[in-house]
Each structure stands twice: as C-alpha cells, then as structure tokens.
Amino acid sequence: MMSLVSAPGSRPLGRAAPTAGPRRESPVVELNVGGEFYTTTLGTLRKIPGSKLAEMFSSSAKACTDAEGRFFIDRPGTYFGPILEYLRSGQLPRQHIPEVYREAQYYEIEPLVKLLEDMPQIFGEQVARKQFLLRVPGYSENLQLMVRLARAEAVAARYSEVLVCVVHNEKDDANCVDTLRLLEADKRSVVKFGPWKAAPTIDHLLDCVKMDIKAQGYQVQCSKHLGLPANYFYTFCFTWW
C-alpha cells in the first residue's frame with residue numbers, strides 16, 4: 001500500500017498549493033501514476049468506500065507528490081486509466097483485462113473485481129484452469145523442479161531436456177511403476193505429474209505446463225518420448241539461444 005505518511009514536500013490530499021486567504025479542499029486532483037498523468041476528482045477516487053484507493057485519498061491522508069505537485073502512486077499507469085473510467089462511468093475495460101484485474105485487486109475496487117471475474121478471460125483462468133491445477137498434487141513445485149533441472153543442464157549447451165511423466169488416474173499410475181523404477185535405477189531424473197481427480201486430460205495438463213513455463217519467459221517445446229510407454233512420458237526441450 002502507498003505510504004500515507006507526510007514526507008518533506010508533501011501536501012494534504014485534495015488541497016492546492018498555499019495561497020493567501022482561507023484554504024479549502026479542491027475537488028480536482030492531478031495524479032502521476034507510474035509516469036502516466038491523470039486529472040480527476042476526489043469524489044471519483046472515493047467512489048468505492050472501503051477501497052484502498054478511497055483510503056489513499058481520504059480527507060485526512062497525506063501522500064508524496066512529484067516535482068510538479070501531482071499526487072504520486074507507484075503503480076503501472078497504463079492500467080489505471082480503465083479503473084478511473086470505471087469509477088467515472090461504470091464502463092468496463094475491453095483490453096488488457098488480466099492487467100486491469102490485477103490493478104483492481106490492488107486498489108481493492110471490489111465491484112470491478114467481481115465484474116472482471118465474470119469476463120471470459122478471467123473466468124477461464126481463475127475458475128476453470130486454476131481450479132483444475134489445484135487438483136493436480138504438487139503442480140507448482142513440479143514446475144519449479146522442471147526449471148531447475150533444465151537450467152542445470154544448460155551449461156555450454158543450446159538445448160536442455162527434462163523428462164516428464166504424466167498420469168491421469170490410478171490405472172495410468174500403475175502402468176508406469178516399472179518404467180519409473182528402471183529410470184530411477186539408471187539415475188534418470190523424472191518429474192511426475194498426477195494422478196488427479198478432475199475431467200481435464202493428460203494433453204490438457206501438458207498444455208498448462210507449457211503455458212506456465214512460457215509465462216516465466218522460457219522457450220519450451222513438448223514431444224512424446226520415444227522408447228518409453230506412449231501417452232505417459234514426454235520430453236520438454238528448453239531452448240536457450
């Protein structure tokens with residue numbers, strides 16, 4: 001949360017620079033959000049009571065200002081515009097939905113958060129995909145292990161490969177036991193996903209793994225591992241340069 005403690009050169013929220021005569025609160029506020037400039041009113045910023053944004057601009061709060069006297073918020077400015085437009089008119093964003101959703105969560109604009117969660121981009125990620133992955137034991141830990149293994153094999157190499165075993169149910173698991181034992185005896189590292197109790201298939205799980213590794217900035221491809229039981233063993237190839 002942005003610090004509301006007055007710093008040298010800070011001034012009370014919603015007040016103009018000192019002038020002669022009585023001082024009064026100005027309804028107009030100039031903002032610098034991560035280098036993007038906005039002009040709005042205190043009423044707009046305080047429109048959702050209890051939100052972090054309303055708290056930032058409460059009548060008793062003070063905040064840091066930039067060199068021009070604009071109130072400064074150290075967040076991505078590009079995605080503040082859609083939030084401001086929602087507060088002004090109730091209009092929902094049409095672009096950058098995940099990024100605006102993240103900022104709406106930060107500012108605790110709960111009505112906007114709920115509306116965005118009903119949009120396909122967020123509903124699909126939060127309700128469908130993430131709920132599936134929560135049913136895959138150790139999913140996040142396995143992703144981290146895959147990256148560690150790939151990086152360990154990357155010294156003086158253009159590519160590195162990680163062997164992955166994916167089993168959807170207990171029957172699949174039983175079919176892989178002997179092969180996994182042989183690989184362990186050969187000191188081959190294998191990252192094992194599953195089994196899980198949900199409808200998505202092995203292919204769906206592999207798509208999620210690729211998506212989440214690529215989201216970390218890695219170039220990765222997946223293919224069936226020749227010579228091992230089909231449909232269970234896959235090679236993830238990381239390309240480094």
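**Exercise 1. Find out whether phenylalanine 57 and phenylalanine 71 are buried or exposed, and how their rings are arranged.**

Step 1. Start with accessibility: buried means under 20% relative accessible area, exposed over 50%, and partly exposed in between (1.4 Å probe, protein chains only). Phenylalanine 57 and phenylalanine 71 are both buried.

A word on the source: this is a predicted model, where local features need pLDDT of at least 70 and side-chain atom pairs count only at pLDDT 80 or more, while totals for chains, interfaces and linings use all residues. Residues are numbered from 1 along each chain as its sequence is written, and side-chain values use heavy atoms, with hydrogens and water left out.

Step 2. Now the rings. Rings of Phe, Tyr and Trp (its six-membered ring) pair if their centres lie within 6.5 Å; planes under 30 degrees apart count as stacked, over 60 as edge-to-face and the rest as tilted. The structure holds 9 such aromatic pairs. For phenylalanine 57 and phenylalanine 71, the centres are 6.1 Å apart and the planes stand at 85°, so this pair is edge-to-face.

Step 3. Because phenylalanine 57 lies in the loop between α2 (52-56) and β4 (62-63) and phenylalanine 71 in strand β5 (residues 71-73), the pair ties together parts 14 residues apart in sequence.

**Exercise 2. Classify the ring pair of tyrosine 218 and phenylalanine 238.**

Step 1. With centres 6.0 Å apart and planes at 80°, the pair is edge-to-face.

Step 2. Tyrosine 218 sits in the loop between α9 and β8 (219-224), and phenylalanine 238 in strand β9, so parts 20 residues apart in sequence are tied together.

Step 3. Check accessibility: tyrosine 218 and phenylalanine 238 are buried.

**Exercise 3. Work out which charged residues lie over the ring of tyrosine 106.**

Step 1. Apply the rule: NZ of Lys or CZ of Arg must be within 6 Å of the ring centre and within 35 degrees of the ring normal.

Step 2. The charged end of lysine 52 sits over this ring, 4.1 Å from its centre. Arginine 75 lies over the face of tyrosine 106 as well, at 3.8 Å from the ring centre.

Step 3. Look around the ring: Tyr106 forms one aromatic cluster with Tyr38, Phe80 and Tyr107.

Terms used
Helix = DSSP H or I, 4+ residues; strand = E, 2+ residues; numbered from the N terminus.
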